[in-house]
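User: I am new to this structure and would like a short walk through some of its helices and one of its pockets. Could we begin with the pocket?

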Amino acid sequence: MSTPATSDGEGGQPRQRRRYDSPVRRERAGQTRERIVAAGSALVHEFPIWDWSGLTFRAVAERAGVGERTVYRHFPTERDLHAAVMRRLQAEAGVGYDDLDLDTVIDVTARSFAALSSYAVSRWDHTEPRQPVLIDEDRQRRDALLSAVAPHSTGWTEHEHRATAAVLDVLWSLPGYERLVRVWQLDPDTATQAVSWVMGLVVEAIREGHRPGVPRRPTA
């Protein structure tokens, strides 16, 4: 769309109307966006269960002290808003999937568990996530685990490859961690150490080429 022209009063020559833009304006917009994302992150930390249905435009706008239209300007859809908040939470926890491999999976899992203490969650919803951003995050983690196992599972069947990645996913899962803490009454550090220990055994088996369902040969 072209910029509307106006007359400059000098010979009737048209003059292009300049759009108002400046570094200050862009900086303020960035600060507003940051405030919105921070407000969304704070709300998620206060949720009683892991359910983002309450992360609405209105709730985030009220928390950020801005109007709903301002939130819409930065995030056209609720899914865009949720995705930005999820990226913030992952950054806060030091959790990412882009470079996940067998060398980092245990450390990343431990960081994700360590971040749980910053949430107000009193019980975890064990049902499958319904919000698109949570479904996307779950898929990203599963894809990352499959990719991490792939270089070490050459010659394995597809079922063996997927089963191995799935075991790592189960060990990483929140319900398993919560069971260690609530049912077995382990303190969070001990629960994390226990999960890391078992993940280490699985990672070692993968590196040594021990496929699931195939008995190990006794060592001499």
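Analyst: A pocket here is an open set of grid points where a 1.4 Å probe fits, with protein on both sides within 12 Å along at least five of seven lines. Please keep in mind that this is a predicted model.

User: How much space lies in the second largest pocket?

Analyst: The second largest pocket holds about 240 Å³ of space.

User: Which residues lie nearest its centre?

Analyst: The lining of the second largest pocket has 15 residues, and those nearest the centre are F113, L116, S117, Y177 and P188.

User: Which elements give two or more residues to that lining?

Analyst: Those elements are α5 (105–114), α8 (174–182) and α9. Helix α8 provides the largest share of the lining, with 4 residues.

User: And how does the lining divide by class?

Analyst: The lining of the second largest pocket divides into 10 nonpolar, 2 polar and 3 charged residues.

User: Turning to the helices, at what angle do α5 and α9 cross?

Analyst: The axes of α5 and α9 cross at roughly 160 degrees and come within 10 Å. Angles over 145 degrees count as roughly antiparallel, and α5 and α9 are therefore roughly antiparallel to each other.

User: Is that crossing left-handed or right-handed?

Analyst: The crossing in which α5 passes α9 is right-handed.

User: Which residues meet there?

Analyst: From α5, the residues are V105, I106, T109, A110 and F113; they meet T192, V195, S196, M199, G200 and V203 of α9. This contact of α5 with α9 has 7 nonpolar and 4 polar residues, with no charged ones.

User: What about α7 and α9, how are they arranged?

Analyst: Helix α7 (residues 158–172) and helix α9 (residues 188–207) have axes that come within 10 Å and cross at roughly 170 degrees. The two helices, α7 and α9, are therefore roughly antiparallel to each other. On the α7 side the contact is made by T164, V167, L168 and L171, and on the α9 side by V195, V198, M199, V202 and I206. By class, the contact of α7 with α9 has 8 nonpolar residues, 1 polar and no charged.

Technical notes:
Residues numbered from 1 in each chain as written. Predicted model: local features only at pLDDT ≥ 70, side-chain atom pairs only at ≥ 80, totals over all residues. Heavy atoms only, no water. Axes fitted to C-alpha atoms, helices over the stretch in contact; angles between N-to-C directions. Parallel < 35°, antiparallel > 145°, perpendicular 65-115°, else oblique. Contact = heavy atoms within 4.5 Å. Nonpolar A, V, L, I, M, F, W, Y, C, P; charged D, E, K, R; others polar. 1 Å grid on protein atoms, 1.4 Å probe; cavity = no way out; pocket = protein on both sides within 12 Å on 5 of 7 lines; lining within 4 Å. Points joined across faces, edges and corners; volume = space filled by probe spheres on them. Left-handed = near helix turned anticlockwise from the far one by under 90°.
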